[in-house]
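Trainee: Please take me through the salt bridges of this model. I would like a close look at the residues that form them.

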Amino acid sequence: MPRKLLLLPPLSVCSAFRAPRACPAARPAMNAARTGYRVFSANSTAACTELAKRITERLGAELGKSVVYQETNGETRVEIKESVRGQDIFIIQTIPRDVNTAVMELLIMAYALKTACARNIIGVIPYFPYSKQSKMRKRGSIVCKLLASMLAKAGLTHIITMDLHQKEIQGFFSFPVDNLRASPFLLQYIQEEIPNYRNAVIVAKSPDAAKRAQSYAERLRLGLAVIHGEAQCAEMDMDDGRHSPPMVKNTTVHPGLELPLMMAKEKPPITVVGDVGGRIAIIVDDIIDDVESFVAAAEILKERGAYRIYVMATHGILSAEAPRLIEESSIDEVVVTNTVPHEVQKLQCPKIKTVDISLILSEAIRRIHNGESMAYLFRNITVDD
């Protein structure tokens with residue numbers, strides 16, 4: 001008995017498989033998810049989430065849902081409580097006194113977001129930790145470069161920071177770094193909060209800080225003074241690690257290879273280059289940590305006739321006995337930004353004032369997410385700033 005062949009119309013078969021491929025309704029939902037962004041706080045302490053809340057309020061967004069805590073054995077645990085697939089994620093991490101815990105929180109959260117298929121992971125780290133260890137000292141290591149490699153390995157693709165201790169630190173990273181400046185906010189504070197600031201002089205407490213002080217003086221059209229001959233060793237005078245192997249006595253050296261001996265440095269007595277008599281002295285720097293050098297500079301300026309002394313810096317770490325030393329010193333006011341939490345120090349010393357820089361951080365987040373130029377945030381910024 002002959003078999004009958006059943007012939008189906010080819011258009012009906014093709015249309016059955018072509019319709020889902022041409023459906024335009026599924027793609028917009030996927031694109032909408034990919035164009036979103038979330039802001040998370042990677043800190044386990046309540047005081048350190050204040051900056052994150054200020055930024056999200058300016059952006060009109062909600063803070064991402066996550067849990068960061070320390071287990072009983074000291075290990076850090078991070079749990080992301082919402083989907084981040086295909087989104088731009090901004091991790092805001094301020095650095096409290098427990099630096100190493102904060103670093104681990106940032107690394108673990110970045111790795112958790114990477115595992116959850118986030119599209120881009122941008123770290124907002126206003127004060128970059130270990131930035132003082134960016135040069136070789138004796139037989140140590142460049143810890144700042146190690147941290148940069150760890151952040152890249154954890155999954156970060158971009159960093160927003162502020163006033164790096166050394167601008168060359170940007171070269172340690174294998175991804176983009178936006179090094180913002182806090183000077184516009186501090187300059188605004190001088191103009192609005194310091195009475196008779198036209199009678200002020202900008203002071204560098206050491207020659208190393210002269211460039212920063214010169215930048216402030218030129219923008220405010222004020223005079224400049226430099227304190228020279230500080231008693232303590234400056235950072236530039238420390239050994240750089242090129243004394244290995246150690247020098248051995250009675251070593252035979254070819255007569256033609258003898259090098260002239262470098263004369264040892266000898267610091268002159270402390271002097272102030274510039275007139276501060278009858279003026280307001282404003283000492284500017286990037287970091288206030290151990291305040292002994294600032295207290296000593298204030299005493300010198302007081303002896304030279306300055307009648308009011310301000311200290312201004314971006315990062316107020318204020319370690320150890322800094323609040324007590326400031327309270328007992330000739331310093332009238334210390335002005336820092338909220339890149340580093342210092343609520344406890346403010347309770348101990350009423351002289352400490354805070355300038356909010358959440359505006360520029362929120363604008364940087366918005367521009368990076370929208371793919372806009374960052375040039376607006378670097379207006380009139382020169383290489384020396």
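Mentor: Start with the term. A salt bridge here is a side-chain nitrogen of Lys or Arg within 4 Å of a carboxyl oxygen of Asp or Glu. The model is predicted. By this criterion the structure holds 16 salt bridges.

Take the network now. Glu-50, Arg-54, Arg-58 and Asp-356 are linked in a network of salt bridges.

Asp-332 forms a salt bridge with Arg-308. Their closest N and O atoms are 3.7 Å apart. Asp-332 sits in the loop between α9 (322–328) and β13 (333–337), while Arg-308 belongs to strand β12 (residues 308–316). The two residues are 24 residues apart. How accessible is Asp-332? Its relative accessibility is 25%, so Asp-332 counts as partly exposed. Arg-308 is partly exposed too, with a relative accessible area of 30%.

Now Glu-372. Its partner is Arg-366, and the closest N and O atoms of this salt bridge lie 3.1 Å apart. Glu-372 has 32% relative accessibility and therefore counts as partly exposed. Arg-366, at 30%, is also partly exposed.

Last, Glu-79. This residue forms a salt bridge with Lys-81. Here the closest N and O atoms are 3.0 Å apart. The relative accessible area of Glu-79 is 29%, so Glu-79 is partly exposed. The cut-offs explain the label: buried means under 20% relative accessible area, exposed means over 50%, and partly exposed is in between.

Conventions. Residues numbered from 1 in each chain as written. Predicted model: local features only at pLDDT ≥ 70, side-chain atom pairs only at ≥ 80, totals over all residues. Heavy atoms only, no water. Buried < 20%, exposed > 50% of the residue type's maximum accessible area, 1.4 Å probe, protein only. Helix = DSSP H or I, 4+ residues; strand = E, 2+ residues; numbered from the N terminus.
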